[in-house]
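Please read them with the structure open.

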Amino acid sequence: MNKDVSSFNSDIWEKIKQKLKKEVGETAFNNWLKQLKFNSSDKEILTVSVPTKFLRDWIATHYADKIKRVCKEKNPDFLNLKIVVKQNSGRIIPGTERIVKNQEENKSLDIRSQQSFSYPGDFGAPLDPRFTFDNFVVGKPNELAFAAAKRVAEAEKVTFNPLFLYGGVGLGKTHLMNAIAWEIKKNNSERKVIYLSAEKFMYQFVRALRYKDIATFKDQFRSIDVLMIDDVQFIGGKENTQEEFFHTFNALVEQNRQIIISADKSPSDLEGLEERLKSRLGGGLIADIHPTTYELRLGILLEKAQKRGVEIPLKVLEFLSHKITSNVREMEGALNRLVAHATLVGRPVTIETAQELLQDLLRAHDKKVTIEEIQKKVAEHYNIRLTDMYSPRRSRSVARPRQVAMYLAKSITSRSLPEIGRKFGGRDHTTVMHAVRKIEELKTTDSIFNEDVELLKRMLEN
Ligand code: ADP
Ligand code: MG
């Protein structure tokens, strides 16, 4: 090669582009690299231009390594690639220069650039490596959703569109969506799978509006093979986003691309969503995830405990599955605490330590015991009438059980003294306080009484 060609020029740049086209393929080339134009060059830095910031960031994050490699083949002295944003008029937009370092450095740069000036470069969210089908425990409450997710992930053709997964918080929707994405990537790495939250979709859309770059926004989404939007309830009441989502949705369905949606409710129950969008969303397969059962919770805990490689006695796992019924995320959090403890202390956790370590979580769940239940149980236990709990009668035979009930209301529920007083026939909070003190005192002096009250407490809590 000619010695003078130690720097680049537009001819060499065209050759580089041709080479890149062979490497990345027509489609990707036309979508992304075609618009790269030679701008200037000195010995070590090649400056090229693109028409939008979005394109600049996209190229920098996805194609920088390839471009730099090809440049280096043409010119061994080449060190750095700089991308600037140039308007149609030929004017470089100030402050848009971006030196493209290697891919690792790019990542951190990208985060900064998203926050500061650029319109985000990557419109999908990263996938969580823990959320795979292998790590998903199947039980009655989620078997339909699981089967549907598997089917979509393995299908060669689009069968139901969209797949709509719905269920309460922490029941595995995001896990299943990630699992679908991993599976598709594994089976066919060519397919372009994009996973993002509805919130991020909206954010991108709003940014695009602000930067008057709707066309690029649309192209991004419409070049996808599989689009997954998580927590779609988020766009309820946000009309512009819904409008755009609706169009994107239709465009993708028309091209026979797979769409997967999750939400906390069924399409028809989603609030603030236009009817036509609801009916679109419900037009494929709807699979709901039911609240977990005891068996499923235990299954999940067994699997997760085993993955952690720490031994937690079955009794303790059973205890957790009984106690933490709200959602899997919370249960996992509880397990993590126990695992951390077991690892630190070096011996297995017992139910007692679990109870102690998870006090706050367990208490939150104990709230479910109502004052009415306490009154009923206590009245039964002491064989008095329920109405005596609220009556003004002061005889010892009813006053003491009433005090016990107040004490239990205070220690089991999260109700305040005045609230408790109100439930006991409108008594004053000082009366409740007095009752609590009295019972505490009796408990320390009378061991039979103490056992009696503790027994009542355990019955109420279980
Ligand atoms: P959602 O998106 O429905 O709110 P996630 O998918 O984020 O819930 O799940 C919350 C946590 O619970 C995650 O860590 C997930 O791995 C776990 N999880 C939920 N269901 C299961 C399951 N059936 N098997 C294994 N892990 C599960
Ligand atoms: Mg989720």
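1. In this predicted model, a backbone N or O atom of Leu171 sits 3.2 Å from an oxygen atom of ligand 1.

2. Helix α12 (residues 294-308) and helix α13 (residues 314-323) have axes that come within 9 Å of each other and cross at roughly 135°. An angle over 145° would count as roughly antiparallel, so at this value α12 is oblique to α13. The crossing of α12 past α13 is right-handed.

3. Which residues form the contact between α12 and α13? From α12 come Tyr294, Arg297, Leu298, Leu301, Leu302 and Ala305, and they meet Leu314, Leu317, Glu318, Leu320, Ser321 and His322 of α13. By class, eight residues of this contact are nonpolar, two are polar and two are charged.

4. The peptide bond between Asn161 and Pro162 is cis, with omega about -5°. Pro162 belongs to the loop that runs between α6 (143-154) and β5 (163-167).

5. Asn256 has phi near 60° and is found in the loop between α10 (239-254) and β8 (258-263). Asn383, also not a glycine, has a positive phi of about 60°; its loop lies between α17 (371-382) and α18 (396-412).

Note on methods. Residues are numbered from 1 along each chain as its sequence is written. Chains are lettered from A and ligands numbered from 1 in the order in which they are written. This is a predicted model: local features need pLDDT of at least 70, side-chain atom pairs count only at pLDDT 80 or more; totals for chains, interfaces and linings use all residues. Side-chain values use heavy atoms; hydrogens and water are left out. Axes are lines fitted to C-alpha atoms, for helices over the stretch in contact, and angles run from 0 to 180 degrees between N-to-C directions. Helices (H or I, at least four residues) and strands (E, at least two) are DSSP runs, numbered from the N terminus. Angles under 35 degrees count as roughly parallel, over 145 as roughly antiparallel, 65 to 115 as roughly perpendicular and the rest as oblique. A crossing is left-handed if the near helix is turned anticlockwise from the far one by less than a right angle, and right-handed if clockwise. Contact means heavy atoms within 4.5 Å. Ala, Val, Leu, Ile, Met, Phe, Trp, Tyr, Cys and Pro count as nonpolar, Asp, Glu, Lys and Arg as charged, and the others, Gly among them, as polar. A polar contact is a pair of N or O atoms within 3.5 Å; within protein, one must be able to donate a hydrogen and the other to accept it, and residues adjacent in sequence count only if both atoms are side-chain atoms.
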